[in-house]
Amino acid sequence: MTALQTRLERQQNLRTALKMRREKKYPSPNKQRKDTHFQIRLATGPRQNNGIFYEIRTYDIKPAKMKEFLELANEHFHFCPARSELVGFWYTDLGALNKVLHIWKYDNFAHRTAVRHALANDKDWQGKFISVVRPMMEKQHNEVAYLVPWCQLGKPPKEGGVYEWVTFQMKPGGPALWGEAFQAAINAHINTGYTRLIGVFHTEYGLLNTVHVLWWNESPDHRAAGRHSAHEDARVVAAVRDSVRFLESQQNVLLIPMQCSPLK
């Protein structure tokens, strides 16, 4: 092939490529970059636009020591909130026994590191509380989670109710896979009006693809009546059926707020 033929063939290939682009048979390089960015953003899933996260701590307490642990926590937990924000502190009543669950808010990981360092060197905190309650514990567990971007941390309309902590183990893939269907199911329950949403948390450390939902109800009986009505609501049934295809397992516990808990 001569140099002239080679040049003519290249020109023909270029004309063909330009024609195909005009006919949208394949995207331009700029569009390819935009599509790639879009796919990456969806793959990680949306998130709140700040560094705030929540540490969820669960302690299993020895049955014989549960009453004493609760008394000590109510008496001494005023030491810790001075350094980090305690969102809530509860003990389980149904679904699990002899467990406590508390949630802490941090501005970022550096904030948590500073708080943990300060507490480790606080003689009152270590001597009056930690050293006393540590032998009462059988197991400790913690997770780091973010609020989902479509949820702000709420408050109950009044004190004196009960909380339900529902844990959903979703299929791998993150909110890019199941986020829209999950949000629709949550909103369907909210729209029934029988319960109050407090927060929806998506794990960053711990068992991944886990979503915790915190609800408030006036009483266990009020929740039971509301759930019964919700199961007969066509909107709720449709939303739940759409979301369960992404669900692997779920469990819940009924929580009673402690005296030291900001959420009561």
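Predicted model: local features only at pLDDT ≥ 70, side-chain atom pairs only at ≥ 80, totals over all residues.
Local features are given where pLDDT is at least 70 and side-chain atom pairs where it is 80 or more, while totals for chains, interfaces and linings use all residues. Residues are numbered from 1 along each chain as its sequence is written, and side-chain values use heavy atoms, without hydrogens or water.

**Helix H6**

Helices (H or I, at least four residues) and strands (E, at least two) are DSSP runs numbered from the N terminus. H6 covers residues 175-192, 18 residues in total, and spans 24 Å from its first C-alpha to its last. That is close to the 26 Å expected at 1.5 Å a residue, where the expected span is 1.5 Å times one less than the number of residues. Just after H6, Gly 193 has a positive phi of about 85 degrees.

Buried means under 20% relative accessible area, exposed over 50% and partly exposed in between (1.4 Å probe, protein chains only). The buried residues of H6 include Trp 178, Ala 181, Phe 182, Ala 185 and His 189.

**Packing against H8**

H6 packs on helix H8 (residues 234-243) at an angle of about 160 degrees, with the axes 8 Å apart. Axes are lines fitted to C-alpha atoms, for helices over the stretch in contact, and angles run from 0 to 180 degrees between N-to-C directions. The two helices are therefore roughly antiparallel, a term used for angles over 145 degrees. Contact means heavy atoms within 4.5 Å. On the H6 side the residues that meet H8 include Phe 182, Ala 185 and His 189, and on the H8 side Val 236, Ala 239 and Ser 243 are among them.

**Cores**

A nonpolar core is a set of buried Ala, Val, Leu, Ile, Met, Phe, Trp, Tyr and Cys residues joined through side-chain atoms within 4.5 Å. Phe 182 is one of the members of the largest core that touch the most other members. Beyond four places in sequence, the contacts of Phe 182 include Trp 150, Met 170, Val 213 and Ser 243.

| Core | Residues | Members include |
|---|---|---|
| Largest | 34 residues | Ile 103, Trp 165, Phe 182, Val 213 |
| Second, separate | 26 residues | Ile 61, Val 100, Met 136, Val 144 |

**Two single residues**

Pro 172 lies in the loop between strand E5 (162-170) and H6. Its relative accessibility is 58%, so Pro 172 counts as exposed. Pro 172 touches Leu 177, Asn 209 and Glu 248, leaving out residues up to four places away in sequence.

His 76 is in helix H3 (residues 66-76). At 10% relative accessibility, His 76 counts as buried.

How values were computed: Parallel < 35°, antiparallel > 145°, perpendicular 65-115°, else oblique.
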